[in-house]
Amino acid sequence: MGREGYLGEFEQMLLLAALRLGDGAYGVALIKELEITVGRRVSRGSVYVTLDRLEAKGLLESRLGDREPGRGGRPRRYLSVTGTGIMALQESRSALTRMWEGLDAVL
């Protein structure tokens with residue numbers, strides 16, 4: 001896999017958060033999941049730009065939910081990790097695990 005194929009840290013976290021949330025994965029829920037699980041505050045803009053990029057790469061897919069009166073009639077965009085996204089996460093995990101090997105003594 002070439003360098004362009006590796007996932008960045010934020011991409012990995014969003015994909016993992018989407019997997020954790022399952023059918024309930026959408027932008028604001030992902031933001032809350034990152035804040036709770038990782039303790040990381042993120043901007044909505046950075047989340048939505050990254051989600052769009054992950055979808056363009058084929059790692060995520062989205063579907064629109066029902067229109068919601070509380071959202072001005074706008075539907076919520078739900079996200080799910082594709083098979084390609086899961087494979088990319090597995091490859092990233094393997095690469096990082098190899099990099100961590102043998103470093104226990106210095107860390």
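Which residue just after α2 takes a positive phi? In this predicted model, the residue is Gly39, with a phi of about 75 degrees.

Helix α2 spans residues 27–37. Its buried residues are Gly27, Ala29, Leu30, Ile31, Glu33 and Leu34. They pack against α1 (9–21), α3 and β2 (75–81). The buried set of α2 thus includes a charged residue, Glu33, and Glu33 also takes part in the contact with α1.

The axes of α1 and α2 come within 9 Å and cross at roughly 105 degrees. Because this angle lies in the range 65 to 115 degrees, α1 counts as roughly perpendicular to α2. On the α1 side the contact is formed by Phe10, Met13, Leu14, Ala17, Ala18, Arg20 and Leu21. These residues meet Ala29, Leu30, Glu33, Leu34 and Thr37 of α2. By residue class, the contact of α1 with α2 comprises nine nonpolar residues, one polar and two charged.

Helix α3 (residues 44–56) packs on α2 at an angle of about 115 degrees, and the two axes lie 10 Å apart. This arrangement makes α2 roughly perpendicular to α3. The crossing of α2 past α3 is right-handed. From α2, the contact draws on Gly27, Val28, Leu30 and Ile31, while α3 supplies Arg44, Val47, Tyr48 and Leu51. Six of the residues in this contact are nonpolar, one is polar and one is charged. Leu30 of α2 takes part in the contact with α3 and also in the contact with α1.

The largest nonpolar core contains 21 residues, of which Leu14, Leu15, Leu30 and Leu60 touch the most other members. Two or more residues each come from α1, α2, α3, β2 and α4 (83–100). The largest contribution is that of α1, which gives six residues. In soluble globular proteins, nonpolar side chains tend to be buried together. Two of the residues that touch the most other core members, Leu14 and Leu30, also belong to the contact of α1 with α2.

Leu60 is another of these core residues. Leaving aside residues up to four places away in sequence, Leu60 touches Leu15, Ala18, Leu51, Leu54, Glu55, Leu79, Ser80, Val81 and Thr82. Among these neighbours, Ala18 is also part of the contact of α1 with α2, and Leu51 is part of the contact of α2 with α3.

Notes. Residues numbered from 1 in each chain as written. Predicted model: local features only at pLDDT ≥ 70, side-chain atom pairs only at ≥ 80, totals over all residues. Heavy atoms only, no water. Axes fitted to C-alpha atoms, helices over the stretch in contact; angles between N-to-C directions. Helix = DSSP H or I, 4+ residues; strand = E, 2+ residues; numbered from the N terminus. Parallel < 35°, antiparallel > 145°, perpendicular 65-115°, else oblique. Left-handed = near helix turned anticlockwise from the far one by under 90°. Contact = heavy atoms within 4.5 Å. Buried < 20%, exposed > 50% of the residue type's maximum accessible area, 1.4 Å probe, protein only. Core = buried A, V, L, I, M, F, W, Y, C linked by side-chain atoms within 4.5 Å.
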